[in-house]
Amino acid sequence: MIASVAVVGHQNNPLYLQSFTNANDALKLHHIVHCSLDVIDERVNNPKRSVSTLNESYLGLLYPTESYKVYGYLSNTKAKFLVVTTDLDVKDADIRSFFRRFHAAYVDAVSNPFHVPEKKIVSRTFAQRVSGIVKAFAAGTNG
Amino acid sequence: MAAGPRPRKSFLRHEKPRRATRRSERRMAPLVPKSGDAIFASIDRVVGPMNTAEASTKSEALINAELFTLTYGAMVRQLLTDLEEVDVVNKQLDQMGYNIGVRLIDEFLAKSNVSRCVDFKETADVIAKVGLKMFLGVTASVSNWDPEGSSFSLVLDDNPLVDFVELPDTFQGLHYCNILSGVIRGALEMVSMKTEITWIRDMLHGDDAYELRVKLLKQIPEEYPYKDDE
C-alpha cells in the first residue's frame, strides 16, 4: 500500500509531495524523501555498470528502512520520482508500470503553459491522476 | 513577403511593405508568386499523434498537433506577461484571430471548393463541418438557432488548442480560445457578413464543452472601389 509519492526537480527542489495514509506524518515523509535523494545522488554519481545505456533509469529499491521501502525513478531531465510504500513484497513490473504512468501524468502537467518550471505543481488534474494511479496500483497488488 | 518578381537589392530599402487589401481589390492586384503558397502549404493540416502514420502517406507536409498546442500556449502566456490584464489579453487574442481570419478565408475557399452559401444556415454548417475540420481537425455541431435564423451556437466537444491547459485561479476571466472567435469573425467579415461572437461555455471554466454564439449583425454588399463609368 503506497504511503506517499514525491516529485523532486533537478536541483533537488521538491515539486510535488502527496501522502495517501491517514496519519499526519507529512514531516516524516519529507524526511524520508530527503534521505532518499542522497541515495539517488550516490547511485547517479557512481554507476554500477561502466556504461549506463538507459536514459530514463528506473533506480529500483533505494533503501528499505523501518517499515517502509522507497523506490526511485530518474527521468532524463533529472526529475526524480519517488514512491514510499509499506508493502512487504512488491513486484518489480508493477512498480515499473506505476512509474511509467506517473511519468506520463507529470509530462502532461508540465506541458500546461501556466505551469512555471521548477515551481511546485499545482495542477488539480495531476493530483487526481496520481490518486487514480495509486488506487489502481493498490487494487492490482491486492487483487 | 515580397510581391511580384524578386526586387533588385537597390530597391529593397525604398520598397514599402504591401498592406493587406480587401478581397475585392486583390482580384485586380498582380499575381502573388508561387513561393508564398509553398510557405502556407507546409502548415496545411494539424495532426494528432494517432493519425500521423496515415497522414505521412499523403504528400502534404504536416506539423505535430502538440507543437501547435504548445506554441499557442506559449503565445497566450507571453501575452499575459506583457499585458497583465485579462480583459486586454482577451481583446488582443480576438484581434489576432481577426487578422488570421481575414487571410485564412482565402485559403479556405481555395482549398475546399465549396459553392456560394445560400443563406446563413448553410454558412454555419460549412464553418462547423468543413472549416473547423480543415484547420483544427475537429468537427463542431451547430445548434440553438434563434427564431429569425440570425444567430446560432457552435459547439466543440474537443479542442486541440487546450490540451494540457489548466487555468490558474488568477486568470479565471481569460477566454483562452478567444483567437477562435476572432478567426471566425474575420473570415465572415471578408465574405460580407458582420458578426458578433461570444463564448457561452468554456471547458477551462468547468463546463463540459466549448460553445460559441455567432450572431449575424448585417450583410454588407461588396463595394468596388473603382467606378465603372470612369
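The model is predicted: local features need pLDDT of at least 70, side-chain atom pairs count only at pLDDT 80 or more, and totals for chains, interfaces and linings use all residues. Residues are numbered from 1 along each chain as its sequence is written, chains are lettered from A and ligands numbered from 1 in the order in which they are written, and side-chain values use heavy atoms, with hydrogens and water left out.

I begin with chain A. Its secondary structure comes to 3 helices and 5 strands, where helices (H or I, at least four residues) and strands (E, at least two) are DSSP runs numbered from the N terminus. Along the sequence the order is β-β-α-β-β-β-α-α. The C-alpha trace spans about 40 × 40 × 30 Å along its principal axes. Of the 143 residues of chain A, 43% are buried, meaning under 20% relative accessible area with a 1.4 Å probe, protein chains only. Among contacts (heavy atoms within 4.5 Å) with a separation of 6 or more, 54% join residues 24 or more positions apart.

I turn now to chain B. Helix α5 (residues 65-83) of chain B packs with helix α6 (residues 86-112) of chain B at an angle of about 135 degrees, the axes lying 9 Å apart. Axes are lines fitted to C-alpha atoms, for helices over the stretch in contact, and angles run from 0 to 180 degrees between N-to-C directions. On the α5(B) side, the contact includes B:Tyr72, B:Met75 and B:Leu83; on the α6(B) side, B:Val88, B:Gln92 and B:Met96 are among the residues met.

Key. Buried means under 20% relative accessible area, exposed over 50%, partly exposed in between (1.4 Å probe, protein chains only).
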